[in-house]
Amino acid sequence: ASPLVAAVARLLAHADRTRRLGVRANAETAPDVARAVRFGAEGVGLCRTEHMFLGERRTYVERVLLGSDAERAEALRGLTRLQRESFAGVLDAAGGRPVTIRLLDAPLHEFLPDLTELSVCSALARERGRPDRALEERTAAVRRHHEQNPMTGLRGVRLSIVRPELVVAQAVAAFEAAADLRERGRPFDLELMVPMVSSAEEIAEVARSVGEAADQVAARRGRVPYRLGAMVETPRAAVTAARIVTHADFLSFGTNDLTQLTWGLSRDDAERSFLPRYLETGLLRTSPFASIDEDGVGRLLAVAVDGARGARDAVPIGVCGEHAGDPASIGFLARLGVDYLSCSPFRVPIARLEAGRAALLAEGCPAERFDAAEPSAAVGVG
Ligand code: PEP
Ligand code: MG
C-alpha cells in the first residue's frame with residue numbers, strides 16, 4: 001500500500017482503539033453490506049426494506065392494500081418469498097454482526113398507482129362509450145387511499161397497525177432467512193425495527209404481530225432469537241422514550257424525520273426551496289438536515305436519552321439518520337451518550353475517525369491538537 005493509505009489505516013486503527021461509539025452502516029443489499037464491512041462497519045444499523053418493492057414489485061404492496069382476499073394472500077406469500085432471500089443475503093454478508101431490518105416505511109402513494117393517470121384513463125374509456133368496470137373500481141379503491149399529506153399519513157408503524165399482515169409477512173421472511181442461515185451453519189444477529197413510532201402502545205401492538213410471526217416460524221424450524229427496537233423519529237417518541245423503551249429492546253434515532261417534524265420542514269423540498277435563502281442571509285448557519293440542530297432537535301434527543309436511560313439503564317441507543325455520518329454532528333452525538341452511529345457505507349471511515357476524535361476530546365485532549373496540519377500528529381500516531 002502507498003504511504004498515504006498506510007497512514008490512514010494507522011489513523012483509523014487508532015481511532016478504533018479510542019472511540020466509545022460503535023459504527024454501523026445503513027445498507028440494504030448484500031453487496032452494500034459487504035462494502036460497509038470492508039470500510040469497518042460493525043453491523044447494519046438500518047436495512048431499509050422499501051427498495052425491495054420498487055418498480056414492478058410495487059404491486060405486491062398494492063395487492064395487499066387493495067386486492068381481494070385471494071389476491072392479498074397470494075401477494076403476502078410473494079412478499080415473504082422475495083424478502084426471505086434478500087434478508088438472508090444481508091444477514092450473511094454481515095457475518096454474524098448485528099443487522100437491523102426496518103419494517104416497511106415508505107409513504108403509501110409510493111406503492112399505489114397514480115390517481116390522476118387512472119382517473120384520466122377511466123374518463124377516456126367512458127367518453128369513448130366503452131366504460132371499463134375493473135379500471136373504475138381500481139380508480140375508486142386508489143382514491144379511497146389517497147392522502148393529502150402522505151409523509152404524515154398511513155406510513156411506518158401506522159401501516160403496521162392497520163395492516164398487521166404486512167408485519168407478519170416481513171417478520172416471517174426475516175425469521176425464515178435467519179433459520180436458513182442457521183441450517184447452513186452460518187452466524188446471524190437479527191434485529192427488527194419499527195419506524196415512525198409515536199407511542200408505547202404502538203410498539204407494544206407491533207411487538208405482538210412480530211411475536212405471532214416468531215411463533216409461526218418456531219413451530220416449523222425452532223426459535224429464532226431477535227431483538228425488536230423502535231425508531232425515535234417523531235417529537236412525541238422523543239418525549240415519551242421512557243415509556244416506549246419498556247416495549248423495545250433498543251432505540252434508534254431517525255434524525256431525518258425528527259428534523260422534518262421538529263422544524264415542520266419537508267425533508268424532500270426545503271433544501272431546494274427556501275433553505276438556500278436562509279443560508280445566504282445568515283438566518284441559518286447550516287441546514288438542519290445536514291448537521292444536528294443542537295438547540296432544537298438536539299434537545300429532543302437529550303430528553304429521549306435521559307428518559308430511556310432513566311427507565312432502562314443499559315438500553316442500546318443508536319442514530320441512523322444522515323447526521324450519524326456528519327463529522328460536525330458526531331461530537332455532539334458522542335457527548336449525548338448514544339451507543340452507536342449508523343451511516344452510509346462510504347461515511348463509515350469518517351464516522352470512525354470522528355468518533356475517535358470525540359473520545360479524545362472527552363478525555364481532555366486539547367482541541368488544538370486536531371488542528372495540526374499533519375493529521376497523524378493530531379491523534380498521536382505515525
Ligand atoms: C430517518 O428518518 O432519519 C431515517 C433514518 O429513516 P428514513 O430516512 O428512511 O426515513
Ligand atoms: Mg425516517
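Modeller: Happy to. By class, the shell around ligand 1 has four charged, four polar and two nonpolar residues; here Ala, Val, Leu, Ile, Met, Phe, Trp, Tyr, Cys and Pro count as nonpolar, Asp, Glu, Lys and Arg as charged, and the others, Gly among them, as polar. Please keep in mind that this is a predicted model, in which local features need pLDDT of at least 70 and side-chain atom pairs count only at pLDDT 80 or more, while totals for chains, interfaces and linings use all residues. Residues are numbered from 1 along each chain as its sequence is written, and chains are lettered from A and ligands numbered from 1 in the order in which they are written.

The shell itself consists of L46, R48, D105, E233, G254, T255, N256, D257, C320 and G321, where a residue is near a molecule if its C-beta atom, placed from the backbone, lies within 6 Å of it. Helix α12 (residues 255-263) supplies the largest share, three residues. Helices (H or I, at least four residues) and strands (E, at least two) are DSSP runs, numbered from the N terminus.

Now for the surrounding protein. There are 17 helices and eight strands in it. Its radius of gyration, 23 Å, is close to the 21 Å that the globule rule gives for 382 residues, so the protein is as compact as a globular protein of that length. That radius is taken over C-alpha atoms, and the rule is 2.2 Å times the number of residues to the power 0.38. The C-alpha trace spans about 80 × 60 × 45 Å along its principal axes.

Of the 382 residues, 45% are buried: a residue is buried if 20 or more other C-beta atoms lie within 10 Å of its own, exposed if 12 or fewer, and partly exposed in between, with C-beta atoms placed from the backbone. The largest nonpolar core has 105 residues, and L91, A171, A174, F175, A178, A230 and L341 touch the most other members. Such a core is a set of buried Ala, Val, Leu, Ile, Met, Phe, Trp, Tyr and Cys residues joined through C-beta atoms within 7 Å. Helix α8 (residues 164-183) gives the most to this core, with 13 residues. A230 touches V194, V197, I203, A237, I244, A248 and L251, leaving out residues up to four places away in sequence; contact again requires C-beta atoms, placed from the backbone, within 7 Å.

M196 counts as buried because 23 C-beta neighbours lie inside 10 Å.

Finally, look at where the two ends of the sequence meet. L12 lies in helix α1 and is buried, with 20 other C-beta atoms within 10 Å. Apart from neighbours within four places in sequence, L12 contacts G40, P349, R352 and L353. L12 and I350 are 338 residues apart in sequence, yet 8.9 Å apart in space, C-alpha to C-alpha. Helix α16 (residues 348-362) has buried residues including V348, A351, R352 and L353, and its buried residues pack against α1 (3-18), β1 (22-26), α2 (30-38), α15 (327-336) and β8 (340-343). After α16 comes G364, with a positive phi near 95 degrees.

Technical notes: Two residues are in contact if their C-beta atoms, placed from the backbone, lie within 7 Å.
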